[in-house]
Each structure stands twice: as structure tokens, then as C-alpha cells.
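Hi,

Here is the model I said I'd pass on. Have a look at it first, and my notes on the aromatic rings and the helix packing follow below.

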Amino acid sequence: MKKIGIFYGSSTGTCEDLAGQVADKLGVSSADVYSVDKLTAELVDQYEVLVLGTSTWGDGELQDDWYDGVKVLKSANLADKFVALFGCGDSESYSDTFCDGIGVLYEDIKDSGCTFIGNKVSPDDYNFSSSVSVVNGAFVGLALDEVNESDKTADRIDAWTADLKSKL
């Protein structure tokens with residue numbers, strides 16, 4: 001399997017925990033799981049696959065540490081990289097911006113030349129009214145709701161990581 005680095009932005013610890021769960025399912029060592037505030041171009045170069053996770057804040061914004069992280073990604077050479085996105089949101093209280101963070105991240109790097117994987121997650125099993133992370137009828141990455149649907153998290157991660165493995 002290709003060398004995978006997982007980078008997450010987490011203010012409350014939820015996305016950090018989810019990054020750990022994704023790492024476990026992908027067989028990624030904890031040494032290859034980083035808070036995005038540690039992201040550098042040198043780290044990007046070490047990995048063939050970047051798994052990027054963010055929570056959604058405010059009116060559908062990225063987690064704060066991602067603003068500098070996006071600058072690093074935009075300056076890095078992503079042309080030969082595979083990128084998978086995951087994020088967490090609250091589909092009940094923020095139904096109109098559910099998991100928008102991964103949609104913002106997608107928009108920021110979609111023209112970088114990277115190849116997105118795990119980006120055809122069906123929104124059918126979710127309850128929300130709107131999300132910029134839904135493009136062409138599918139989430140651009142794995143959307144998770146630890147507030148209202150934590151009972152679905154393990155199955156969603158299992159299915160998503162199995163899909164990623166099939167593409168690597």
C-alpha cells in the first residue's frame with residue numbers, strides 16, 4: 001500500500017479522535033497522524049496519500065488551523081498525490097452548513113493536480129438540508145456527525161476506508 005499521512009484540524013478533539021479511528025482502519029501508524037498545524041511542504045513530500053480531516057465551524061468554515069494548512073498545500077506539489085477528505089459536523093443544529101469544511105477544503109485544492117479518492121460518498125443516509133461538500137450528488141469525502149449520529153460512525157469509517165484501500 002502507498003505511504004499515507006493523515007492531517008487533521010481539531011478544536012475540541014472530535015476530529016482528532018476520528019483521525020485516529022481512520023488511521024486504525026487504514027493501518028497507519030500514529031507517527032503518521034498529525035495536527036494540521038504541523039503541516040509542512042517537507043511532510044507533504046513524504047507521503048503518496050494525504051488524508052485530510054476538518055471539523056466545520058461558524059457558518060460553514062474550516063477549523064482555524066486549516067487556514068495555514070491550505071497555504072502549505074497550495075504551495076506544495078500535489079500532482080502525484082492521492083487525497084482523501086473527511087470531516088465532522090452537526091447535521092441537526094447546522095443543517096444548512098453540514099460538513100461544509102470538507103467542501104471548502106476540496107474547493108481550495110481541487111485544481112492542484114491531485115487525485116481525489118473516497119470522494120463519492122452518498123448523502124442518502126444523512127439528515128441535513130444543505131452542504132457545499134456535496135458536489136455532483138455526493139459528498140467530496142467522508143461526512144461524520146458525532147453529535148447526532150455517532151452510532152453510524154464506525155460503519156461509515158469502515159465502508160469509506162475499504163473504498164480507499166481498493167483504490168490504493
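**What turned up**

Phe139 is buried, with a relative accessible area of 0% (buried is under 20%, exposed is over 50% and partly exposed is in between, using a 1.4 Å probe and protein chains only). Before I go on: this is a predicted model, so local features need pLDDT of at least 70 and side-chain atom pairs pLDDT 80 or more, while totals for chains, interfaces and linings use all residues. Numbering runs from 1 along each chain as its sequence is written, and side-chain values use heavy atoms, without hydrogens or water.

How many aromatic pairs are there in the whole structure? The search finds 10, where a pair means Phe, Tyr or Trp rings (six-membered ring for Trp) with centres within 6.5 Å, called stacked under 30 degrees between planes, edge-to-face over 60 and tilted for the rest. Tyr34 and Tyr47 are edge-to-face, because their centres are 6.3 Å apart and their planes at 70°. Tyr34 sits in strand β2 (residues 33-35) and Tyr47 in the loop between α2 (41-46) and β3 (49-57), so this pair ties together parts 13 residues apart in sequence. (Helices, H or I with at least four residues, and strands, E with at least two, are DSSP runs numbered from the N terminus.) Tyr34 is buried at 17% relative accessibility, and Tyr47 is buried at 1%.

Back to Phe139: with Phe128 it makes a tilted pair, 5.4 Å centre to centre and 40° between the planes. Phe128 is in the loop between β6 (115-116) and β7 (134-135), and Phe139 is in strand β8 (residues 138-139), 11 residues away. Phe128 is partly exposed at 22%. The charged end of Arg156 sits over the Tyr126 ring, 3.8 Å from its centre (NZ of Lys or CZ of Arg within 6 Å of the ring centre and within 35 degrees of the ring normal).

Now the helices. α3 (residues 66-75) and α4 (residues 100-109) pack at about 25° with axes 10 Å apart; axes are lines fitted to C-alpha atoms over the stretch in contact, with angles from 0 to 180 degrees between N-to-C directions. That makes the two roughly parallel (under 35 degrees; over 145 is roughly antiparallel, 65 to 115 roughly perpendicular, the rest oblique). Trp66, Val70, Leu73 and Lys74 of α3 make the contact with Leu105, Asp108 and Ile109 of α4 (heavy atoms within 4.5 Å).

The axes of α1 (residues 14-26) and α5 (residues 153-167) come within 9 Å and cross at roughly 50°, so these two are oblique.

Cheers
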